[in-house]
Amino acid sequence: MAESKANYLHRIIIIGYMGAGKTTLGKALSKDLGLPFYDLDWYIESRMRKTIEQIFVERGEEGFRTIERNMLHEVAEFENVVISCGGGTPCFFDNMDYLNQQAETIYLKATPDVLYSHIKMSKKVRPLLQNKTADEVKTYMSEQLAKREAYYSKAKHTIDIALLDSNDKIQSAVKQLKASIKL
Ligand code: S3P
């Protein structure tokens with residue numbers, strides 16, 4: 001008997017460092033697959049009615065991580081969805097094991113140069129990178145990425161991400177993503 005497509009559950013979770021392109025590619029992949037898209041930071045902001053920046057100011061990073069974990073446990077229960085996490089999500093509590101238990105996890109792996117270029121192109125406020133000079137940001141990113149790699153590399157799939165500065169490049173990265181999860 002042919003496998004019923006309706007019974008097949010898709011839950012795709014995208015992880016990676018700040019500036020890897022998680023939101024951009026998550027959105028594009030969800031459009032391609034016709035699945036709803038959830039960005040964990042946006043979900044937190046709408047549930048808390050506060051920006052990520054406000055949460056960092058009011059509760060510090062520790063408070064943010066607790067909220068992030070709780071909200072992760074809500075979105076990662078949704079079925080037939082594409083979800084993008086925050087850069088730090090896999091690196092706290094048992095989040096990475098939980099992600100792997102819940103979904104097809106994909107790590108968007110990029111060099112510090114590519115990450116930095118994407119961050120420069122984006123308008124998103126990133127509390128961890130605020131009040132630093134360009135050199136300080138670059139050093140901080142390289143050091144933190146090296147530490148976080150141990151968590152990210154536990155993802156079920158990894159794809160290399162080059163500079164995403166055109167729609168064509170975004171679409172070819174979406175193809176790579178689909179190929180990696182055999183869709
Ligand atoms: C963070 C990444 C951010 C956001 C928060 C903390 C991190 O998301 O969750 O500012 O620790 O790397 P992006 O990866 O989408 O920038």
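How far is a polar side-chain atom of Lys124 from an oxygen atom of the ligand? The distance is 2.8 Å. The model is predicted. The ligand takes up the space of the largest pocket.

- Arg65 places a polar side-chain atom 2.6 Å from a ligand oxygen atom.
- Asp41 also takes part, with a side-chain N or O atom 2.9 Å from an oxygen atom of the ligand.

**Shell around the ligand**
- The ligand is surrounded by 14 residues.
- Lys22, Arg65, Lys124, Arg126 and Arg148 are the closest of them.
- By class, the shell holds 6 charged, 5 nonpolar and 3 polar residues.
- Helix H3, residues 52-75, is the top contributor to this shell, with 3 residues.

**The largest pocket**
- Its volume is about 730 Å³.
- The lining counts 37 residues, and Gly19, Lys22, Thr23, Lys124 and Arg126 are the closest to the pocket centre.
- Two or more lining residues come from each of helix H1 (22-33), helix H2 (40-48), H3, helix H5 (112-121) and helix H7 (167-180).
- H1 gives the most to this lining, with 7 residues.
- The lining divides into 15 nonpolar, 11 polar and 11 charged residues.

**Residues on both lists**

Note on methods
Residues are numbered from 1 along each chain as its sequence is written. This is a predicted model: local features need pLDDT of at least 70, side-chain atom pairs count only at pLDDT 80 or more; totals for chains, interfaces and linings use all residues. Side-chain values use heavy atoms; hydrogens and water are left out. A residue is near a molecule or strand if one of its heavy atoms lies within 4 Å of it. A polar contact is a pair of N or O atoms within 3.5 Å; within protein, one must be able to donate a hydrogen and the other to accept it, and residues adjacent in sequence count only if both atoms are side-chain atoms. On a 1 Å grid over the protein atoms alone, a cavity is a set of points where a 1.4 Å probe fits but cannot get out, and a pocket is an open set with protein on both sides within 12 Å along at least five of seven lines; lining residues have an atom within 4 Å of a point. A molecule sits in a cavity or pocket if more than half of its atoms lie within 2 Å of its grid points. Helices (H or I, at least four residues) and strands (E, at least two) are DSSP runs, numbered from the N terminus. Ala, Val, Leu, Ile, Met, Phe, Trp, Tyr, Cys and Pro count as nonpolar, Asp, Glu, Lys and Arg as charged, and the others, Gly among them, as polar. Grid points are joined across faces, edges and corners, and a volume is the space filled by probe spheres set on the points.
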